[in-house]
Amino acid sequence: MRLDVFSIFPEYLAALDLSLVGKAAKSGLLDVRVHDLRDWTHDRHRTVDDTPSGGGAGMVMKPEPWGEALDAVAPVDGPAQPRLIVPTPAGRPFSQELAYELAAEPWLAFACGRYEGIDARVAEYAGERMRVDEVSIGDYVLNGGEVAVLVMVEAVARLLPGVIGNPESLAEESHSGDGLLEYPVYTKPTSWRGHDVPDVLLSGNHALIAQWRHDQAVRRTAERRPDLLAAWGGVVAGKDDAAA
Ligand SMILES: N#Cc1c(-c2ccc3ccn(Cc4ccc(CN5CCCCC5)cc4)c3c2)n[nH]c1N
């Protein structure tokens with residue numbers, strides 16, 4: 001998979017050189033290219049913003065640098081086009097489902113906006129030749145798209161074959177397995193500062209352990225994400241299970 005990221009703070013994306021995504025890039029599973037949007041400006045101040053049409057607070061990102069950047073990296077007459085992801089508070093919610101969808105794409109491009117956003121014509125222009133998704137990572141306001149891109153790239157990259165060591169763990173995760181939140185995890189020592197690993201996990205009884213983990217997942221989901229529990233629609237063994 002090829003990933004292109006456009007930003008006026010390319011150093012913000014240095015985190016993509018680290019850990020799981022960094023290893024995937026070094027192993028050739030990912031081809032990560034970060035671009036400084038200001039490379040497509042032509043004035044002395046390398047201007048990327050201007051006042052909002054119609055008035056209002058703040059500044060808006062000018063369309064010209066974006067158009068030139070997209071044309072340079074994904075030429076109109078090129079053999080292929082990326083799927084363009086534009087983080088924005090007004091976007092469709094990013095989800096594990098969308099992460100799986102994006103993980104199947106051969107080429108993704110991410111447009112990191114700043115200020116009050118990117119001139120809307122950029123998405124319109126790009127949409128003439130590539131799929132464009134305006135996506136939000138949550139109902140809170142950030143100062144720009146870079147953090148959102150780091151979140152989405154990590155969520156997508158870890159789904160690529162060969163990227164994480166234990167693909168079996170993907171099946172057990174929240175939001176991608178049975179629709180429940182994960183159960184609590186423990187490791188050694190079995191007793192730590194007066195807190196013990198639950199006995200069932202030391203029993204060696206795999207059926208009991210599986211049941212306990214399921215019950216814990218249901219309890220947690222009921223407590224923290226009742227919306228997921230409703231969607232899960234599973235049969236909660238006993239009326240007290242969810243609250244136990
Ligand atoms: N993904 C994601 C995000 C973002 C995100 C993503 C990308 C950019 C680019 C710039 N900003 C800052 C910003 C701040 C406020 C507003 C709202 N204004 C209302 C009045 C009219 C103008 C727009 C828009 C843009 C961004 C924020 N925030 N939260 C998420 N989950």
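**Entry 1: helix α3**

I began with α3, whose buried residues pack against β5 (83–93), β6 (107–111), β7 (132–136) and α5 (146–157). Before going on, I noted that this is a predicted model, where local features need pLDDT of at least 70, side-chain atom pairs count only at pLDDT 80 or more, and totals for chains, interfaces and linings use all residues. I also noted that residues are numbered from 1 along each chain as its sequence is written, and that side-chain values use heavy atoms, with hydrogens and water left out.

My terms for this entry: helices (H or I, at least four residues) and strands (E, at least two) are DSSP runs numbered from the N terminus. Buried means under 20% relative accessible area, exposed over 50%, and partly exposed in between, with a 1.4 Å probe and protein chains only. Contact means heavy atoms within 4.5 Å.

Which residues of α3 (residues 96–103) are buried? I found Q96, L98, A99, L102 and A103. They are on the same side of α3, because they cover an arc of only 155° around the axis (the arc is that of the directions from the helix axis to the C-beta atoms).

**Entry 2: nonpolar cores**

Next I looked up the cores, each a set of buried Ala, Val, Leu, Ile, Met, Phe, Trp, Tyr and Cys residues joined through side-chain atoms within 4.5 Å. The largest nonpolar core has 29 residues, and F94 and F110 have the most contacts inside it. Two or more residues each come from β1, α1 (19–26), α3, β6 and α5. Which element gives the most? That is α5, with seven residues.

I placed R2 in strand β1 (residues 2–7). Is R2 buried or exposed? R2 counts as buried because its relative accessibility is 19%. Its side chain makes a polar contact with the side chain of D4 at 2.6 Å. By polar contact I mean a pair of N or O atoms within 3.5 Å; within protein, one must be able to donate a hydrogen and the other to accept it, and residues adjacent in sequence count only if both atoms are side-chain atoms. Not counting residues up to four places away, R2 touches D31, R33, V73, P106, W107 and L108.

D50 sits in strand β3 (residues 49–50) and is partly exposed, at 40% relative accessibility. The D50 side chain makes a polar contact with that of T51 (3.4 Å). Further along the chain, D50 is in contact with M59, V60 and K62.

**Entry 3: aromatic pairs**

I searched the whole structure and got three aromatic pairs. Rings of Phe, Tyr and Trp (its six-membered ring) pair if their centres lie within 6.5 Å; planes under 30 degrees apart are stacked, over 60 edge-to-face, and the rest tilted. Y186 and W212 form a tilted pair, 6.3 Å centre to centre with 50° between the planes. Y186 lies in the loop between α6 (168–171) and β8 (191–192) and W212 in helix α7 (residues 206–224), so the pair ties together parts 26 residues apart in sequence. Y186 is partly exposed at 43%, whereas W212 is buried at 17%. Ring pairs also link F6, W40 and W66 into a cluster.
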